Amino acid sequence: FLWLLQNGIDIGTAIIDSFVQLGESAGQTGPITPSDVMLLAFKLWAETFESTSELSGAQLLAGILMLVLTTVFIALIAINFLLLKISVWLYLYAGIFVLGFGGSRWTSDMAVAYFKQLLNIGLQLMTMMLMMAIGKNIITGMVSQTEGFMLFHYTVLLLVGLTLAILCTKVPPMVGSLA
């Protein structure tokens, strides 16, 4: 346990980095950050807002409201991702104190639980990155078809944003519980 105490941060960082690498290669994207997710929301807004000029009256109001809600849902995804990144940092560095309890046979389970929790959070991070890559591909594909954007397209974007927000909240903890 002394060796684990001395190398705990390196081992933990390797665990997290390997799950991040798995998430990036499974999603076929490069590194994803919370700011990339927000940039996607702003890009969505910029590229689809112009097409609201084709709408009139109540459809215009509904289209703008759906764009605002979709942007809020994507922002919630970015916030969840940011919270996950912060919790990785907290578990890696604040949790190192728990490794000190590995020296006693009565408290050694606490030190083992530290690595189990890193596996848990690594699985959550991998799942979140994979889901964000899928969502980014869906939204980018929809936004590239801004020609003839109708109210139906705004509704679909809203439903995609809502579905992704719910999935990014519920699925990573379920996958993380495998650890």
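**Exercise 1: ring pairs**

Trp89 is exposed, with a relative accessible area of 53% (exposed is over 50%, buried is under 20%, partly exposed is in between, with a 1.4 Å probe and protein chains only). Before going on, note that this is a predicted model, where local features need pLDDT of at least 70 and side-chain atom pairs count only at pLDDT 80 or more, while totals for chains, interfaces and linings use all residues. Residues are numbered from 1 along each chain as its sequence is written, and side-chain values use heavy atoms, with hydrogens and water left out.

Task: classify the aromatic pairs of the structure.

Solution, step by step:

- Start with the count: there are 2 aromatic pairs. To pair, rings of Phe, Tyr and Trp (its six-membered ring) need centres within 6.5 Å; planes under 30 degrees apart are stacked, over 60 edge-to-face, and the rest tilted.
- Trp89 and Tyr93 have ring centres 5.7 Å apart and planes at 45 degrees, so this pair is tilted.
- Both Trp89 and Tyr93 sit in helix α3, 4 residues apart, which is about one turn of the helix. Tyr93 is partly exposed, at a relative accessible area of 36%.
- For Tyr114 and Phe115, the centres are 5.1 Å apart and the planes at 75 degrees, so call that pair edge-to-face. Tyr114 and Phe115 are both buried.

**Exercise 2: two helices**

Task: describe how α3 and α5 cross.

Solution, step by step:

- Find the helices, which are DSSP runs of H or I with at least four residues, numbered from the N terminus: α3 covers residues 58–94 and α5 residues 151–176.
- Their axes (lines fitted to C-alpha atoms over the stretch in contact, with angles from 0 to 180 degrees between N-to-C directions) come within 9 Å and cross at roughly 20 degrees.
- α3 and α5 are therefore roughly parallel (angles under 35 degrees).
- The contact (heavy atoms within 4.5 Å) includes Met66, Phe73 and Ile77 of α3 and Tyr154, Leu158 and Cys168 of α5.
- Sort the contact residues of α3 and α5: 14 are nonpolar, 7 polar and none charged. Here Ala, Val, Leu, Ile, Met, Phe, Trp, Tyr, Cys and Pro are nonpolar, Asp, Glu, Lys and Arg charged, and the others, Gly among them, polar.

**Exercise 3: one threonine**

Task: is Thr127 buried or exposed, and what does Thr127 touch?

Solution, step by step:

- Locate Thr127 in helix α4, residues 108–143.
- Thr127 has a relative accessible area of 8%, so Thr127 is buried.
- Leaving out residues up to four places away in sequence, Thr127 touches Val171, Pro172 and Val175.

Technical notes. Parallel < 35°, antiparallel > 145°, perpendicular 65-115°, else oblique.
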